[in-house]
Amino acid sequence: MISFENDYLEGAHEKVLEKLVQTNYVQESGYGNDTFTADAISKIRQAIDMPEAAIYFLVGGTQTNQVVINAMLNKYEGVIAGDTGHISVHESGAIEFSGHKVLTVPSDNGKITADQVKNYIDDFYEDSNYKHMVYPGMVYISYPTEYGTLYTKSELESISNMCKTYEIPLYIDGARLGYGLVSDEADLDIKDIAKYADVFYIGGTKIGALCGEAIVFTSNNEPRHFTSIVKQHGALLAKSRLIGVQFAELFTNNLYLDISLHAVDMAMQLKQAFVEKGYQLYLDSPTNQQFFIMNNETIERLSEYIKFTCWEKYNETHKIVRFATSWATREEHIAYLKAHI
């Protein structure tokens, strides 16, 4: 059986594993003070063309979202996000658990707009009881979104400018950042992400690393004593080298984007195979996540040969299903898929 359930089914890219083995017996300090972490920070700063950016490494995406949002918001503030946003749906209330409300607005195929941000904040302050309400203190978006869709540079710039108008930070969840940046439909690069976001993270867990995400504060705006805040969350890794080594390798010789491009190429082949067999797209995603509308009988039949995710109910007889490719998807996986759909 072949699985397209998600994009973190395998371990790590072989070059990352090789580097971990090669450096295994090198003695290094911990908690971010090792030379591997310093190398990774230097390479990421160079990639985003921000030599002063503050960069930290955490283990996973939910942990990263919770720590960043909790550290940047005041106790009485919440975070504006689309109703399909990862922090809204698939993080078990991690943001609320840390004391901050997720303030949802309707999303369109995973995306929200600058006007929605403006309207939410204006409506908040027009309420005479706003002092008794949760203040909007941040905007959260994902690139790519949870539906594999992309913000254009113009859309991202508009949201960023709106956040600046209201003096709140824009936070971009980049769990699948590479898969968005290499898409044929992307009109921005990682430097643009860094330009428009106040803070974002570069996902490694889903793109070639065993684990790890790189948090980037772009404008001398990291919270005071951020390392202490990370440790209070139980998120400070003693063996920081584990993530430092991986990101240093991922940002060597364009590896991060090259393996992301492979995943998107596989996804386009997967999408074409389904379309040629007459399956209906739920939406036309240009990235590694592909969504289809399937009847329940077909889902039951395919599940005997292929693992995938039932994303949500479409109607009484159909569901929306997701197939995800990754840096590790192989041609033979696509061939197997074609033989069974």
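**Stop one: the cavity**

Select Gly82, Gly85, Gly110, Lys111, Ile112, Tyr140, Ile141, Ser142, Glu146 and Tyr151: these line the largest cavity. A cavity here is a set of points on a 1 Å grid over the protein atoms alone where a 1.4 Å probe fits but cannot get out, and lining residues have an atom within 4 Å of a point. You're looking at a predicted model, where local features need pLDDT of at least 70, side-chain atom pairs count only at pLDDT 80 or more, and totals for chains, interfaces and linings use all residues. Residues are numbered from 1 along each chain as its sequence is written, and side-chain values use heavy atoms, leaving out hydrogens and water.

The volume of the largest cavity is about 50 Å³. Strand β5 gives the most to its lining, with three residues.

**Stop two: helix α6**

Color Ala114, Val117, Ile121 and Phe124, which are buried (under 20% relative accessible area, 1.4 Å probe, protein chains only). Looking down the axis of α6, the buried residues fall within an arc of 100° (taken from the directions from the axis to the C-beta atoms), so they line one face of the helix. Those residues pack against β3 (77-82), β5 (135-142) and α7 (contact: heavy atoms within 4.5 Å).

**Last stop: serine 158**

Jump to serine 158 in helix α7 (residues 153-165). Its C-alpha is 5.7 Å from that of alanine 114, 44 residues apart along the chain.

Definitions and conventions: Helix = DSSP H or I, 4+ residues; strand = E, 2+ residues; numbered from the N terminus. Buried < 20%, exposed > 50% of the residue type's maximum accessible area, 1.4 Å probe, protein only. 1 Å grid on protein atoms, 1.4 Å probe; cavity = no way out; pocket = protein on both sides within 12 Å on 5 of 7 lines; lining within 4 Å. Points joined across faces, edges and corners; volume = space filled by probe spheres on them.
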